[in-house]
Amino acid sequence: SGDGVVGPNFDPVSAGPGTAVITYYFEDEITGCSEDASINIEVHELPEVSFETVADICQGSGSITIDQGSSTSIGTGIYSGDYINEAGEFDTDNATVGQHEITYVFTDENDCVNSTTQTINVILGPQTPTSILVNRPSYCSNNPPSDGTIKLISYGIDNIHYWYANDFSGSPIGDQKTIIIPAPTETTTYLVRSETDCGNSDSLTITVTVHPSPEAAFSFENGCQGAEVSFDNNSILTAEIDYWTWIFGDDTPNSALEDPNHIYAEPGTFDVTLRVFNEFSCYDILEQTIEIFPTPQAPTSIDVANPDHLEYCSDEAVDIGQISLTCQGPDNDNGYFWYKGDLDGSSIGNSKTLSIDAPTETTTYLVRGENDGECGDSEELSITIIVNPSPEATFTIQNACQGEEIILTNNSTSSDEITG
């Protein structure tokens, strides 16, 4: 009998900590004699044991020491359970993903044992993306995507992937498996990886190549019909040029020369186009307008309206008054310029028909095609109006008496021989 005695057993829990007195009473059934004996049993308190919550553990992070089990008593604690040894070293490399029950057993100096359990959750570490795609892997700098964006797509087990441009030094540019970002203006490498509390996975990369585009440029001067025009190619080249194409705008064959010369058969304005292509098939197009001036055409003939006015005597000039000179030729009426005597002075008129005062001396008139000096002058034609000097009649009379001979003296003058 005594505290904690239940039948033939002693229950220290019922007895509680302290000294328990246990009495054994014996009675002889035959003689009726009896006697008892007592002993003291010391019941020690169980050590207090605690096992704090263990944060999620990443699979594959090596051996992790579990030290959250503890007691305020003096003694020794050990761990037990899957993937853990007595010292508390938990093997994350072999542990399966999920929950594992771990027991902490503590034995104090009185060999009293107490234990508690805790659940450890093993989570999957970050998984490397399996593949990566981009909708526009390359383009020319002057021909980016029409909407100004590119789409990056990654595939893998994890639900979230983090994207970076060129390296991991900056902040992520996106945290989804599919992101749409502004199209880069220069070649850029994009990196993607999974990031969790367990760290970062390996990364995959993809490069968007932005090829430099050429910049078409050329210069020229307006030219003349039938004359060679030089085109100077001033294009800015950012890579090797594959070829050039010149379109002169006059339905003649194109040119693949870098700096071509071209002859326009007709005057007018023409749209000249230069297309420049580089080794990446990037191209640029520039169109400019050139003006081709008509080349002056020589007159084909020259006439006097009245053939009698080609030659006359000087004293007839007043009566003649005006002489009409006419030239024929392919140029417009105002494209022909007349000169008196030579070409050194100013023009005396510019039309196909010219009225002049009848000259009083022999004079040559010249006519040629001109167009304000843009394309030079044509060959000239000339016509000469011959003005013969008229004689000047004069004589003297010597007075005489009736019946005497009168002497008449002819004093007339002429630059030519007197004929009568």
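1. Arg193 lies over the face of Phe168, at 3.9 Å from the ring centre; a charge counts as over a ring if NZ of Lys or CZ of Arg is within 6 Å of the ring centre and within 35 degrees of the ring normal. Arg193 also forms a salt bridge with Glu195, the closest N and O atoms being 2.9 Å apart. A salt bridge here is a side-chain nitrogen of Lys or Arg within 4 Å of a carboxyl oxygen of Asp or Glu. At 14% relative accessibility, Arg193 is buried (buried is under 20% relative accessible area, exposed over 50%, partly exposed in between, with a 1.4 Å probe and protein chains only).

2. The model is predicted: local features need pLDDT of at least 70, side-chain atom pairs count only at pLDDT 80 or more, and totals for chains, interfaces and linings use all residues. Residues are numbered from 1 along each chain as its sequence is written, and side-chain values use heavy atoms, leaving out hydrogens and water.

3. The structure has three salt bridges. Arg368 meets Glu370 at 2.6 Å, N to O, and Asp377 at 3.3 Å. These shared partners join Arg368, Glu370 and Asp377 into one network. Arg368 and Glu370 are both buried, whereas Asp377 is partly exposed at 42%.

4. Three disulfides are found, a disulfide being a pair of cysteine sulfur atoms within 2.5 Å. Cys58 is joined to Cys198, with an S to S distance of 1.5 Å. Cys58 lies in strand E6 and Cys198 in the loop between strands E19 and E20, so the link ties together parts 140 residues apart in sequence. Strands are DSSP runs of at least two residues (E), numbered from the N terminus.

5. Cys140 is bonded to Cys282 at 2.0 Å, and Cys224 to Cys375 at 1.8 Å. The torsion about the S-S bond is -90° for Cys140 and Cys282, a left-handed link; for Cys224 and Cys375 it is about -100°, so that disulfide is left-handed. Counting bonded cysteines along the chain, the pattern is 1-3, 2-5, 4-6.

6. Cys327 is buried at 0%.

7. There are 14 aromatic pairs in the whole structure. One of them, Phe218 with Phe231, is edge-to-face, at 6.4 Å centre to centre and 65° between the planes. Rings of Phe, Tyr and Trp (its six-membered ring) pair if their centres lie within 6.5 Å; planes under 30 degrees apart are stacked, over 60 edge-to-face, and the rest tilted. Both Phe218 and Phe231 are buried.

Notes:
Helices (H or I, at least four residues) and strands (E, at least two) are DSSP runs, numbered from the N terminus.
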